[in-house]
Amino acid sequence: MTILAIARKELALYFGSLLFYALASVFLVLAGYFFYTNLGFFVLMGGMSLQRGLWQYQLLDLQRLLLVLIPLFTMRLFAEERKLGTLELLWTYPVRDAEIILGKFLACLLVVTVMVAATAVQPIVVATFYPVAAGPLVAGYLGLWLLLAAFIACGLFVSALTDSQLVAGAATYGVLLFFWVVTWNEAAVNEVTLHLLVPFSLFDRFYPFALGAIDTGDVSYLALFTLAFLAFTFFALDARRWRGIR
Amino acid sequence: MPPEPMIEVRELSKSFGALDAVAGVSFRVHRGEIVGFLGPNGAGKTTTMRILAGVFPPTSGWVRIAGRDPLREPLACRRAVGYFPEYAPFYPELHVAPYLRFVARLKRIPRTQRADAVHEALAACGLEGVAHRPIGTLSKGYRQRVGLAQALCGNPPILILDEPTIGLDPGQVVEIRDLVRSLRGDRTVFFSSHILSEVAAVCERVIVIARGRLVGEGTPDELSARLGRRRRVVIRVDGPPDDVAAALAAVPGVLHVERRESGLALDAAEREDVVRAAGATVQQRGWSILELREESVDLEEIFLRLVRDGEAAS
């Protein structure tokens with residue numbers, strides 16, 4: 001399977017690079033710090049009487065943290081290959097573009113999933129001395145995972161547009177932030193516009209998951225967002241190839 | 001039985017916006033041939049080779065790789081071709097053997113034959129000693145060999161090598177050249193260069209392009225006959241520069257004298273006579289030769305002349 005071959009190479013590059021360990025360390029340290037402060041807040045403020053539970057706070061914090069970190073994972077995926085000139089070589093092997101794209105996407109998703117899965121230790125620790133409802137937590141993590149896939153697909157697409165990792169990272173922030181804050185100017189827009197925009201906000205789509213609700217509409221949106229950006233990546237590569245830009 | 005064409009190109013063109021990188025090139029390369037692809041920088045060599053290797057499609061024209069149409073059967077065509085891109089791009093962090101295993105998987109070599117394919121490629125390129133080192137830590141010559149190894153991996157019937165010796169020191173150039181020569185056999189090798197002597201040393205036939213057009217085709221001997229056998233000798237003499245230049249320009253056989261900072265460059269029809277005659281002239285005038293060396297004539301200018309001749313003739 002050539003998809004797996006591409007994915008294996010990407011994994012080797014991730015696990016062989018300092019950047020991965022730096023990003024994973026930042027993520028785990030900050031995720032731990034958020035957990036510590038959220039737990040402290042939850043205990044001091046009286047726990048059950050709060051409007052939202054501990055895990056809602058924690059998931060929303062993780063979501064913000066991942067928004068900051070994911071573009072740093074995805075920026076190299078195509079930009080680096082362009083810079084090195086190795087994309088030209090990949091194109092001379094009997095491999096379809098779709099296989100290259102999926103291999104890279106899956107490798108990045110796996111790396112980030114492993115990193116995020118490490119935070120599962122937090123509910124496990126809490127469960128040893130306080131009851132933890134598994135259902136809402138599973139829903140929250142499912143939502144987080146779908147959100148990650150969407151972030152990665154978006155970053156992969158932007159990375160296919162340039163040979164500069166920095167440009168890819170910066171532009172990915174731009175696109176993701178746009179889809180994040182698209183509904184934040186509630187006061188400035190009229191209700192009709194807001195209604196049109198709400199379905200496209202990644203933030204608003206994730207919120208129900210954090211509360212423990214799996215809405216098929218939200219699942220579909222995040223899945224479609226991911227598929228759309230994977231398709232955009234395919235067209236971006238194809239267009240650049242026809243124009244002869246490596 | 002007529003020879004089987006492995007690479008066949010008719011009226012191939014590729015434009016990048018307003019730039020016509022390749023403009024109507026036609027040629028054939030047959031099974032078992034080693035063919036050199038010569039041209040000055042920017043002539044369209046790399047563009048043509050990228051089209052043949054499947055990096056991008058042509059703007060127009062007809063291409064067959066091992067009898068197949070790359071637009072209709074892109075994967076089958078790419079399986080038939082091993083490609084060495086100019087400057088041999090590499091992943092600095094990957095180690096040599098795992099990298100070649102990755103290449104073998106991408107080339108869809110069956111699992112049972114993969115280890116052998118990697119081993120053969122390592123052995124053919126003399127890479128066994130560095131198989132477990134990151135490619136980024138290797139010398140330029142070894143990285144070039146890694147590039148050749150990935151092209152050779154899986155033993156494709158057609159090899160397309162884009163400037164495999166560029167940027168190497170003379171010893172490494174000889175090694176790579178020997179390696180290319182050792183590929184002779186059933187394989188079809190199409191390799192580009194801008195150095196005539198290199199192509200003459202390795203190839204049976206040469207195709208010359210300039211400014212995106214075919215300007216010559218034939219054996220190296222035919223070609224150099226057509227270009228006129230010109231040699232260049234660089235000479236440094238401790239006499240008054242103007243007198244020396246005038247005296248050497250008068251030497252029989254010297255076609256042109258060019259003054260440089262480091263001395264005088266003589267373009268000559270035949271080297272040995274000219275060197276002897278120039279030496280005698282210098283001695284007669286009571287000067288002495290400080291430096292004397294032969295310089296290979298840069299193909300680029302010969303090509304430009306060829307192209308200019310072609311344009312003047314048409």
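This is a predicted model: local features need pLDDT of at least 70, side-chain atom pairs count only at pLDDT 80 or more; totals for chains, interfaces and linings use all residues.

Biologist: Nice. In the open sheet of six strands in chain B, which strands stand at the edges, and why is one side of each left without a neighbour?

Modeller: The order is E5-E6-E7-E3-E8-E9 in chain B, with mixed pairing. Each edge strand has a single partner strand, so one of its sides has no neighbour in the sheet; these strands are E5(B) and E9(B).

Biologist: And inside that sheet, what is the bridge partner of Leu38(B) in E7(B)?

Modeller: Strand E3 (residues 34-38) and strand E7 (residues 188-193) of chain B run parallel and are joined by five bridges. Leu38(B) belongs to the E3 stretch, and its bridge partner in E7(B) is Ser193(B).

Biologist: Helix H5 of chain B packs on the sheet; what angle does its direction make with that of E5(B)?

Modeller: This helix spans residues 140-152 and touches both E5 and strand E6 (158-162) of chain B. Its direction and that of E5(B) make an angle of about 165°.

Biologist: Over to chain A: which residue just after H4(A) takes a positive phi?

Modeller: Helix H4 spans residues 76-84 of chain A, and its buried residues include Leu77(A), Phe78(A) and Ala79(A). The buried residues pack against several helices of chain A, including H3 (54-74), H6 (97-117) and H8 (134-159). Just past the end of H4(A), the residue with a positive phi, about 90°, is Gly85(A).

Biologist: Finally, which element gives the most to the side of chain B that touches chain A?

Modeller: The contact takes 24 residues from chain B and 20 residues from chain A. On the chain B side, the elements giving two or more residues are E1, helix H2 (74-80), strand E5 (81-84) and helix H3 (96-106). By class, that side has 16 nonpolar, one polar and seven charged residues. The element that gives the most, with four residues, is H3(B).

Technical notes: Residues are numbered from 1 along each chain as its sequence is written. Chains are lettered from A and ligands numbered from 1 in the order in which they are written. A residue is buried if 20 or more other C-beta atoms lie within 10 Å of its own, exposed if 12 or fewer, and partly exposed in between; C-beta atoms are placed from the backbone. Two residues are in contact if their C-beta atoms, placed from the backbone, lie within 7 Å. Ala, Val, Leu, Ile, Met, Phe, Trp, Tyr, Cys and Pro count as nonpolar, Asp, Glu, Lys and Arg as charged, and the others, Gly among them, as polar. Two strands pair if DSSP finds at least two bridges between them. Axes are lines fitted to C-alpha atoms, for helices over the stretch in contact, and angles run from 0 to 180 degrees between N-to-C directions.
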